[in-house]
Amino acid sequence: AAIEGCRHCEHVDIFILYPDGRVSDVQRRQMTTVEGDNVHNLAIRGNFDDCQALVKASFVADAFLPEGRSLVAVNSINWARLMAQVVYYFYAGLQLGAPDRKMSFSVPTGNFGDVFAGYVAAQMGLPVERLIVATNRNDILARAIRDGDYSVGESHATITPSMDIQVSSNFERLLFEANGRDAAALAAQMDGFASSKTLPLESAQREAIAAMFSAERATPEETLAAMRWAHESCGEVIDPHTAVGLHAARAQATDSAVPVVTLATAHPAKFPDAVKQAIGIEAALPARVGDLFALEERFEALPAEYDAVRDYISAKATR
């Protein structure tokens, strides 16, 4: 979460991390080594869902901020991020012959933001045949799309930590579209989900979603196998999240006339252990961040409690 964030001005940046062993040293250091007196990193003792819940709660009760200050989210809660993602769907589509040719996209996802951007692109006229939702062991999205079962399960730590999510913020946006934009009905559904942690999709929602979406789950072994295939067959070193998408694309690419684009998500150097496990190679850091491990880290650990985070943000949100 960020408070009107920009490290080059008077605004305050606050990044919320989760240090339960799920992020790599590279991922963490990219955030915790940013210089600037107005940049503050919080390490929450919990998982992604804990952090996202804290961000949402802060938006609901932002009256705790000093007068004239407001919260801005830089993750996919922010619609502006999805708008930017829509652009590369159109870019890819034009390279492949749109609007005269259909294509599909396989999207590794946990919070459903990037793949929902693909849905938006389709609504804007891009000829999308299918959007493949690629998940890891934390497969709430796959279960929802395949079986209509949007139920929270145990959060598992995997080699694809950015997808270790149970409650996907942007899936609510798709449910809104799938039930005819009935805001009151969706609000009632989501209230029930908040209390019971389960949400059976209605028949109309399942049918509307199935018209464009399918889902595929990748095990850790399948993820590593996809990384090996990309390296041995294509000479590409990919990160494990991209590999989840590649696995799903290869599993569901049945029509040779319709190309399937796998969306890549990160530089492989961010996940060195998984890369080495898959193909035995040390993925080098790009030159622009080559000194990452020589920089000083700065962060403060807090419990996954709203009051603690609220008090910290309130204390830092001063001009």
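On a 1 Å grid over the protein atoms alone, a cavity is a set of points where a 1.4 Å probe fits but cannot get out, and lining residues are those with an atom within 4 Å of a point. The structure discussed here is a predicted model, in which local features need pLDDT of at least 70 and side-chain atom pairs count only at pLDDT 80 or more, while totals for chains, interfaces and linings use all residues. Residues are numbered from 1 along each chain as its sequence is written, and side-chain values use heavy atoms, with hydrogens and water left out.

One cavity of 30 Å³ or more is present. The largest cavity has a volume of about 40 Å³, a volume being the space filled by probe spheres set on the points, which are joined across faces, edges and corners. Its lining consists of Asn136, Arg137, Thr158, Ile159, Thr160, Ala218, Thr219, Pro220, Thr223 and Val244. By class, this lining has four nonpolar, five polar and one charged residues (nonpolar: Ala, Val, Leu, Ile, Met, Phe, Trp, Tyr, Cys and Pro; charged: Asp, Glu, Lys and Arg; polar: the others, Gly among them).

Thr223 and Val244 of that lining turn up again where helix H9 meets helix H10. H9 (residues 220-234) and H10 (residues 240-252) pack at about 90°, with axes 8 Å apart (helices are DSSP runs of H or I with at least four residues, numbered from the N terminus; axes are lines fitted to C-alpha atoms over the stretch in contact, and angles run from 0 to 180 degrees between N-to-C directions). The two helices are therefore roughly perpendicular (65 to 115 degrees). Contact (heavy atoms within 4.5 Å) involves Glu222, Thr223, Ala226, Met227, Trp229 and Ala230 of H9 and Pro240, Ala243, Val244, Leu246, His247 and Arg250 of H10. Eight of these residues are nonpolar, two polar and two charged.

Helix H7 (residues 183-196) brings us to a second pair: its axis comes within 9 Å of that of helix H6 (residues 171-178), crossing at roughly 140°. Glu172, Leu175 and Phe176 of H6 meet Ala183, Leu186 and Met190 of H7, giving five nonpolar, no polar and one charged residues.

H7 also gives the most to the lining of the second largest pocket, with five residues (a pocket is an open set of points with protein on both sides within 12 Å along at least five of seven lines). This pocket has a volume of about 360 Å³. Of its 15 lining residues, Lys56, Val167, Phe193, Ala194 and Lys197 lie nearest its centre.

Terms used. Parallel < 35°, antiparallel > 145°, perpendicular 65-115°, else oblique.
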